[in-house]
Amino acid sequence: MGNLCSLFAPPKPVKKKRPITKRQSSTGSRSGLNSNRVRSSSSSSSRRDNKFEDAVIQEHALAAAAILFRQQNGGGSLPFDRSASQRYPGSGSKKNQLPRSSSSRSRSSTDPLLQPHQFLNQGVKLDDLETNHFVLIHGGGFGAWCWYKTIALLEEDGFKVTAIDLAGCGINSFNINSIASLSQYVKPLTDVLEKLPIGEKVILVSHDFGGACISYAMELFPSKISKAVYLAAAMLTNGQSTLDMFSLKAGQKDLMRTAQIFIYTNGNENPPTAIDLDKSLLKDLLFNQSPSKDVALASVSMRSIPFAPVLEKLSLSDANYGSVRRYYIETLEDNAIPVTLQENMINSSPPEKVYRLKGSDHAPFFSKPQALHKLLLEIARITPT
């Protein structure tokens, strides 16, 4: 019960201390003056860096505060409004397509953001696309909040973006321990698809356990889905469950198994109702390449994963699920769903195309947001068959 109670305890605010810049004393000699100028220049640069750092911290704090405010005030399951996002100067480069996969170029650890409209202004108009509406589905334990960088980038390029909180996740107030089926868990997604106007289609983007969720939705609403993107996600076959998929990577060094904490709200004699992840292992498991500020945001925002949907076997048909165009994005530095397991799913049910994100951990929306954005634009531009 201690682990369960800790999920709903309001996080303590973390105070950030501003770096102190020491003033340099001047000297009477010419060499002393020159030295002082050098130190002054260095100090000015340091102050600029500190101001930039403070601005970034403030943006993350505002995003986290908005999420927690909605949680504490019983917010419903509404599309996540775009939040503050980091901006860095930088430029992208064109990359030749590979026969099987398209790899993003190697970037620095900060992965500088691509300039707004960098791709769509190169002769591609939103009106020429099959759809300009992305629907983002988070993974187990995450929420719509994890897509804040992706939301900002896509909206800057003119796309419509809907980021959904599945039942009991993010700001959705449903009791995670009472979720008894996959249909109950994905209801916020199926509600959105059901309400789409006739003839309107969307691109579904899923992460982690969200892959099973969009597969379920594809079986129900194939005519409303233009493309389905699996981002380090569970891309299952007919009759397979997410637990079946994860069992394929059993091993003594499986960090996921080590990090799992099962919650038994119905008593130890009954099956678990949810799964927690050991917060001390989150960085190594999910965010080994992500900025520390995003790891901090995740540590106060992640919630439990409902257990029943993980056990549920999917019923997928060629006529419905099989009619939707699928794309897979591999994350090459992933400790939660290793590349070998991603390849296993790809080989078991080959998608139309496979992309690879170099230097990405299990959370590419944090570790490689700009490279991920580039791939999503490329997928959006693929013309209908």
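## Overview

Of the contacts in the chain with a separation of 6 or more, 75% are between residues 24 or more positions apart; contact means heavy atoms within 4.5 Å. This is a predicted model, in which local features need pLDDT of at least 70 and side-chain atom pairs count only at pLDDT 80 or more, while totals for chains, interfaces and linings use all residues. Residues are numbered from 1 along each chain as its sequence is written, and side-chain values use heavy atoms, with hydrogens and water left out.

The chain has 14 helices and 9 strands. These are DSSP runs, numbered from the N terminus: helices are H or I with at least four residues, strands are E with at least two. The chain counts 385 residues, and 50% of them are buried. Buried means under 20% relative accessible area, exposed over 50%, and partly exposed in between (1.4 Å probe, protein chains only).

An open sheet is built from 6 strands in the order 2-1-3-4-8-9, with parallel pairing. Two strands pair if DSSP finds at least two bridges between them. Strand 2 (160-164) and strand 9 stand at the edges with a single partner strand each, so one side of each has no neighbour in the sheet. On average, neighbouring strands of this sheet are turned by 20 degrees against each other, direction ignored.

Strand 3 (residues 202-208) pairs with strand 4 (residues 225-233) in the parallel sense, over 7 bridges. Serine 206 has tyrosine 230 in strand 4 as its bridge partner.

## Helices and the sheet

Helix 6 (residues 210-220) lies across strand 1 (133-137), strand 3, strand 4 and strand 8 (325-331). Helix 6 runs at about 160 degrees to strand 4. Helix 12 (residues 339-348) lies across strand 4, strand 8 and strand 9, at about 165 degrees to strand 8. Axes are lines fitted to C-alpha atoms, for helices over the stretch in contact, and angles run from 0 to 180 degrees between N-to-C directions.

Helix 3 (residues 148-156) is largely enclosed by the rest of the structure, because 8 of its 9 residues are buried. Among them are Tyr148, Lys149 and Glu156. Just after helix 3, glycine 158 takes a positive phi of about 95 degrees.

## Positive phi inside strands

Most residues other than glycine have a negative phi. Aspartate 208 has a positive one, near 60 degrees. Aspartate 208 sits in strand 3 and is buried, with a relative accessible area of 8%.

Alanine 232 also has a positive phi, near 45 degrees. Its place is in strand 4. Alanine 232 is buried at 0% relative accessible area.

Strand 6 (residues 274-277) pairs with strand 7 over 2 bridges. Alanine 274 has proline 306 in strand 7 as its bridge partner.

## Salt bridges

The structure holds 9 salt bridges. A salt bridge is a side-chain nitrogen of Lys or Arg within 4 Å of a carboxyl oxygen of Asp or Glu. Lysine 187 forms one with aspartate 191, with the closest N and O atoms 3.0 Å apart. These two residues are 4 residues apart in helix 5 (residues 187-194), so about one helical turn separates them.

Arginine 325 and glutamate 352 meet at 2.6 Å, N to O. This pair links distant parts of the chain, 27 residues apart: arginine 325 is in strand 8, and glutamate 352 is in the loop between helix 12 and strand 9. Arginine 356 bridges to glutamate 330 at 3.0 Å between the closest N and O atoms. Arginine 356 is in strand 9 and glutamate 330 in strand 8, 26 residues apart. Arginine 356 is partly exposed at 27% relative accessible area, whereas glutamate 330 is buried at 0%. Glu130, Lys201 and Lys227 are linked in a network of salt bridges.

## A buried aspartate

Aspartate 361 is in the loop between strand 9 (353-357) and helix 13 (364-367). Aspartate 361 is buried yet has no salt bridge. The nearest side chain of opposite charge, lysine 283, is 6.9 Å away. Here Lys and Arg count as positive and Asp and Glu as negative; His and the chain ends are not counted.

A polar atom of the aspartate 361 side chain lies 2.8 Å from the backbone nitrogen of glutamine 289. The backbone nitrogen of alanine 363 also lies 2.8 Å from a polar atom of that side chain.

How values were computed: A polar contact is a pair of N or O atoms within 3.5 Å; within protein, one must be able to donate a hydrogen and the other to accept it, and residues adjacent in sequence count only if both atoms are side-chain atoms.
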